[in-house]
Amino acid sequence: MVWWCLGKIQRGPGMKCRRLCISPLLITNRRARSRLGLERGTTAKEALDVIVSLLEEHGQGGNYYEDANSCHSFQSAYLLVDREEAWVLETVGKYWAAEKITEGVKCICNQLSLTTKMDAEHPELRTYAQSQGWWTGEDEFNFSQIFSPADDHPDNCAGKDSLEKQEESITVQTMIDILRDKASGVCIDSESFLTTASIVSVLPQNRSSPCIHYFTGTPDPSRSIFKPFIFVDDVKLVPKAQSPCFGDDDPAKKEPRFQEKPDRRHELYKAHEWARAVIESDQEQGRVLKKTMMELEKQGLEAMEEILSSPEPPDPAEVGDLFYDCVDTEIKFFK
């Protein structure tokens, strides 16, 4: 099972053909690579190989924000998962290290997490660390200690403790609850920072069962509805949850870049803004609204549990418009 939350300094998740998920994260120390990993790789390991080859050829960097007056560049980490295996890939420039996850739980954060257990690495990783004076060549090679900034705290990873405490009984609801946990810092809602879209994915090892992905499509998972999606042929697209396309007029494509800030909100996002405002400002109406939202979510979770417990795969015709219907229902409810 994979969970993911996105924030201002994080990138969104991807999945391909019901069998591969890539959750990319930006570390303080670009989404195109995760897309190409999904496009060119059919397994978690193949996607990893694609990403590291792109790093070797093109490196990484550039401004994260759509703001010509600011410059925030980041390194990247990825959680790559398919039905059979999972990898954590962490990068520093063109250099990288990866660990194959064979048991337990794994949480990646805004700090490097890999230590001495590495199942794959850049062929010049240790030589580079030694040339920079970060490693003597005699001590045990600890990736996060060597490459993390001095003021980083690798053990400070929101959500890690919650996952480990519930390792033996993790469900979709468990993951959703962790994503909504503001006390731990997983979910953030402040004037300067807001956790954006969130996702929980279930990838059963039984190939007769479908992979199910639960998307919010809206910010702040504590006040959003997780809606199910299943990949099938001819799945119905959801324009109401797609950001508008500006074509050649997109400020990202013009030179000089990012001189304007277009409204990229989709229809679901705009409708959800009303719901967030009601929950924040009106105690009684907000309580009733949130209760109804959670009831809608519960219905979707229960329906998916029935599908997963069924010995027969779902009829593609019945689930092809599943996410479309959920988004449409949510928007009508908010209106």
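Leaving aside residues up to four places away in sequence, G320 touches V232, V235 and K236 (contact means heavy atoms within 4.5 Å). This comes from a predicted model, where local features need pLDDT of at least 70, side-chain atom pairs count only at pLDDT 80 or more, and totals for chains, interfaces and linings use all residues. Residues are numbered from 1 along each chain as its sequence is written, and side-chain values use heavy atoms, with hydrogens and water left out.

G320 sits in the loop between helix 9 (316-319) and helix 10 (322-334); helices (H or I, at least four residues) and strands (E, at least two) are DSSP runs, numbered from the N terminus. G320 counts as buried because its relative accessible area is 11% (buried is under 20%, exposed over 50%, partly exposed in between, with a 1.4 Å probe and protein chains only). I230 lies 90 residues from G320 in sequence, yet the C-alpha to C-alpha gap is 7.2 Å.

Over on the surface, E103, D161, E164, E167 and E168 make up a patch of negative charge. Patch members have over 30% relative accessible area and no salt bridge, like charges being joined within 9 Å; a salt bridge puts a side-chain nitrogen of Lys or Arg within 4 Å of a carboxyl oxygen of Asp or Glu. Asp and Glu count as negative, with the charge placed at CG of Asp or CD of Glu. E167 belongs to the loop between helix 5 (160-165) and helix 6 (172-179) and is partly exposed, at 35% relative accessible area.

As for the whole chain, there are 10 helices and 10 strands, and 46% of the 335 residues count as buried.

How values were computed:
Patches are made of residues with over 30% relative accessible area and no salt bridge: like charges are joined within 9 Å, nonpolar side chains (Val, Leu, Ile, Met, Phe, Trp, Tyr) within 5 Å. Accessible areas come from the Shrake-Rupley method with a 1.4 Å probe; for residues, only the protein chains shown count as cover.
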